[in-house]
Amino acid sequence: MVLHHVRPAARLRLMAALVAAAGLQIATAMPSRGQDKPGRYLMNPVEGGFARLDTETGAMSICKPQLNASTWACTATVDETSTQETRVRKLEGENRDLRAEVKRMEDLLGLNGEKPKNEEKRAERPGGGLNLPSEQDVDKALSYMERMVKKFHDAMKRLEGRTLEKSDI
């Protein structure tokens with residue numbers, strides 16, 4: 001490689017990058033504090049730095065020089081497969097929970113073929129287990145509504161009478 005055609009500042013940066021890369025390569029080959037065994041990391045040059053692969057865990061990082069070019073920082077890359085697998089497991093759990101809730105609600109409403117205890121008093125909807133009110137239940141409800149409407153009507157008449165008395169004074 002011929003460096004005499006390169007400007008001195010660029011030559012200095014190139015030399016610093018080569019020294020840093022060699023230092024990074026040596027640092028990854030040597031065990032640190034007895035935790036890593038030699039050859040655990042594989043380094044490959046990429047644009048602007050190096051890709052570091054942890055051969056034990058499969059984790060990948062991109063290592064780039066910092067502003068002063070004497071220190072390097074490695075940033076873990078996002079593993080799309082792992083992220084999607086986690087999301088799939090979460091969605092499967094939610095799906096299982098929702099299915100259990102639907103079954104519980106169907107059991108509660110009697111939609112799973114179970115007959116209500118007071119079958120003679122209830123009419124069944126054709127093709128389903130939804131219970132409708134009996135004739136007696138309907139008659140009770142209508143009678144109640146008639147009494148309410150009559151009371152409301154009487155109250156309105158009393159109110160009109162009071163309003164007329166006050167306006168005559």
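Modeller: What follows goes through the strands, a disulfide, an aromatic pair and a helix.

Biologist: What should I know about the model before we start?
Modeller: It is a predicted model, where local features need pLDDT of at least 70, side-chain atom pairs count only at pLDDT 80 or more, and totals for chains, interfaces and linings use all residues. Residues are numbered from 1 along each chain as its sequence is written, and side-chain values use heavy atoms, with hydrogens and water left out.

Biologist: How do S1 and S2 run, and how many bridges join them?
Modeller: Strand S1 (residues 41–46) and S2 run antiparallel, joined by six bridges. Strands are DSSP runs (E, at least two residues), numbered from the N terminus, and two strands pair if DSSP finds at least two bridges between them.

Biologist: What sits in the turn?
Modeller: The hairpin of S1 and S2 has two residues between the strands, and Gly48 in the turn has a positive phi of about 85 degrees.

Biologist: What about Asp54, buried or exposed?
Modeller: Asp54 is buried, with a relative accessible area of 7%; buried means under 20%, exposed over 50%, and partly exposed in between (1.4 Å probe, protein chains only). Asp54 belongs to strand S2 (residues 49–54).

Biologist: What does Asp54 touch?
Modeller: Leaving out residues up to four places away in sequence, Asp54 touches Arg40, Tyr41 and Ala59, where contact means heavy atoms within 4.5 Å. With Arg40, Asp54 makes a side chain to side chain polar contact at 2.7 Å. A polar contact is a pair of N or O atoms within 3.5 Å; within protein, one must be able to donate a hydrogen and the other to accept it, and residues adjacent in sequence count only if both atoms are side-chain atoms.

Biologist: Changing topic, how many disulfides are there?
Modeller: The structure holds one disulfide, meaning a pair of cysteine sulfur atoms within 2.5 Å. Cys63 and Cys74 form it, with their sulfur atoms 2.0 Å apart. The pair links distant parts of the chain, eleven residues apart: Cys63 is in strand S3 and Cys74 in strand S4 (residues 72–76).

Biologist: Why is the disulfide called right-handed?
Modeller: Because the torsion about the S-S bond of Cys63 and Cys74 is about 105 degrees.

Biologist: Are those cysteines buried or exposed?
Modeller: Cys63 is buried at 0% relative accessibility, while Cys74 is partly exposed at 35%.

Biologist: How many aromatic pairs turn up?
Modeller: A search of the whole structure finds one aromatic pair. Phe50 and Trp72 form it, tilted, at 5.7 Å centre to centre with 45 degrees between the planes. Phe50 lies in strand S2 and Trp72 in strand S4, so the pair ties together parts 22 residues apart in sequence. Rings of Phe, Tyr and Trp (its six-membered ring) pair if their centres lie within 6.5 Å; planes under 30 degrees apart count as stacked, over 60 as edge-to-face and the rest as tilted.

Biologist: Last topic, what follows H2?
Modeller: H2 is followed by Gly110, whose phi is positive, near 75 degrees.

Key
Helices (H or I, at least four residues) and strands (E, at least two) are DSSP runs, numbered from the N terminus.
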